[in-house]
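I opened this entry to keep track of what I looked up in the structure. My notes follow in the order I took them.

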Amino acid sequence: MNNRYDVVIAGAGPAGGQCARDLVARGYDVVVLETESEEEFPRQSNKSTAGTFPSMMASFGIPDDVVMQYTDSVVLESPHDHYTQEQPGAVLEFADFKRYLVEDSREKGAEYLFDARVTAPITENGEIVGVRYNGDQEVYGDVVIDATGPAAPLAKKLDVVDLKRENHAIGIEYEFEGIDIDRPGFADLRDAMMLRLDHEIAPGGYSWIFHTGEDTAKVGLCYLQNEHHSRYAKDGHTVDDYLEHWLETDPRFANATRLEGKQHRGSAHLQLPERMHTDRFLAIGDTVPTVDPLWGEGINKCMQSGRVAAVAVDSCLKHGLEPTAENLEVYDTLWHRDVAPNQRKRLLMTQLLYLAPNERYDQFMNDLHRLDEETLAAANNGNVLAIAKLFDIDDAPLLARFAKQQLGLDRFL
């Protein structure tokens, strides 16, 4: 293999794979380093509910054969109510999807190094010029991209991202058969992706059931390890304990059995991004914190960030410009415009959502029934007027508590 490339990418997930696809399509020499072995890639421990929408499939040319189930609706559940919105979607077989990105970019000219754990940047005169992997192996590039997710071995050592533990979300998911998909007293989850807000199940987070055909589904939950979680959490309970509690208490799972080898774990960070690039370096995908409230489309966001990173790199290299931080600034501009617009308002929506008590979640379902379908989408996108429609005078204590947390007054009261 060569040891010098136009672009070196660490991580072969949706962000890294898509970035490689876009860069090789523009004629650049690209190498992608992936920790896992090719024979096992991707291991079932890799995280993802793999729920997305047709717009993502079309935007990135994703074939139908990586789809487990096309869905017709998104369902929001509270402890005692639910709301259904017609919204076409797709539940992906995440392993097939990731392998497709690798195969497609490799056919177009990308080189992949599996069993290659990236550990540190190689710097000269204060600038990154390559990466070190597997202890003493080295590879060099004009631009280096960290697409490793929250591990961020390059971005952290370059002081580009500061991923705070209190904003660290952890999740677990299993695939099941024997689920009562249309259980009386619950929402009809046939051909649906369901998200449930219920602190008994996911304190300070949410859980989900994504139908994958007949009586099978992906079932999981996640939460942030912050004050919202602590407020509702049970002492000593782990994310596994909460999932077991849900499985034992929800009648839809009474006859469900886990599918062997279909377990997924993962993590992400939910906070406002700070820096995302420096000289000769970009952080993409889950290496950059996410901010989306409800159906955040994590796969889509990762791939969008990979795409705008490719645009930024191309804008430099095709004109013979040095990929300095200034010349790569277009990445930040496109990220804020296309990947996560209105991120500050969207993060506030997320924080308010996870702070609300269970009884407010039931009221939230009533609010959605009385409002038009566009309101929820607009609120999810950070529209202040839409967010305001979701609150009334009875929410004054919740809003006051939220304001107190935002102002950092908890320690004084």
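I began with contact range in this predicted model. Counting contacts in the protein chain between residues at least 6 apart in sequence, I find that 71% join residues at least 24 apart. I then looked up burial: 57% of the 413 residues of the protein chain count as buried. For secondary structure I noted 13 helices and 16 strands in the protein chain.

Next, confidence. The mean pLDDT of the protein chain is 87, and 87% of its residues reach 70 or more. Over residues 409–413 the pLDDT falls below 50, and I see four contacts for this stretch beyond near neighbours in sequence. Where pLDDT is low, the predicted coordinates should not be read in detail, so I took this no further.

I looked up helix α1 (residues 14–25) against helix α7 (residues 298–317): they pack at an angle of about 35°, with axes 7 Å apart. The crossing of α1 and α7 is right-handed. On the α1 side, the contact is made by Pro-14, Ala-15, Gln-18, Cys-19, Arg-21, Asp-22 and Leu-23. On the α7 side, the residues in contact include Ile-299, Cys-302, Met-303, Arg-307 and Val-313. By class I recorded 10 nonpolar, three polar and three charged residues for the contact of α1 with α7.

Last, helix α6 (residues 239–249). Which of its residues are buried? I listed Val-239, Tyr-242, Leu-243, Trp-246 and Leu-247.

Terms used
Residues numbered from 1 in each chain as written. Predicted model: local features only at pLDDT ≥ 70, side-chain atom pairs only at ≥ 80, totals over all residues. Heavy atoms only, no water. Axes fitted to C-alpha atoms, helices over the stretch in contact; angles between N-to-C directions. Helix = DSSP H or I, 4+ residues; strand = E, 2+ residues; numbered from the N terminus. Left-handed = near helix turned anticlockwise from the far one by under 90°. Contact = heavy atoms within 4.5 Å. Nonpolar A, V, L, I, M, F, W, Y, C, P; charged D, E, K, R; others polar. pLDDT = per-residue confidence, 0-100. Buried < 20%, exposed > 50% of the residue type's maximum accessible area, 1.4 Å probe, protein only.
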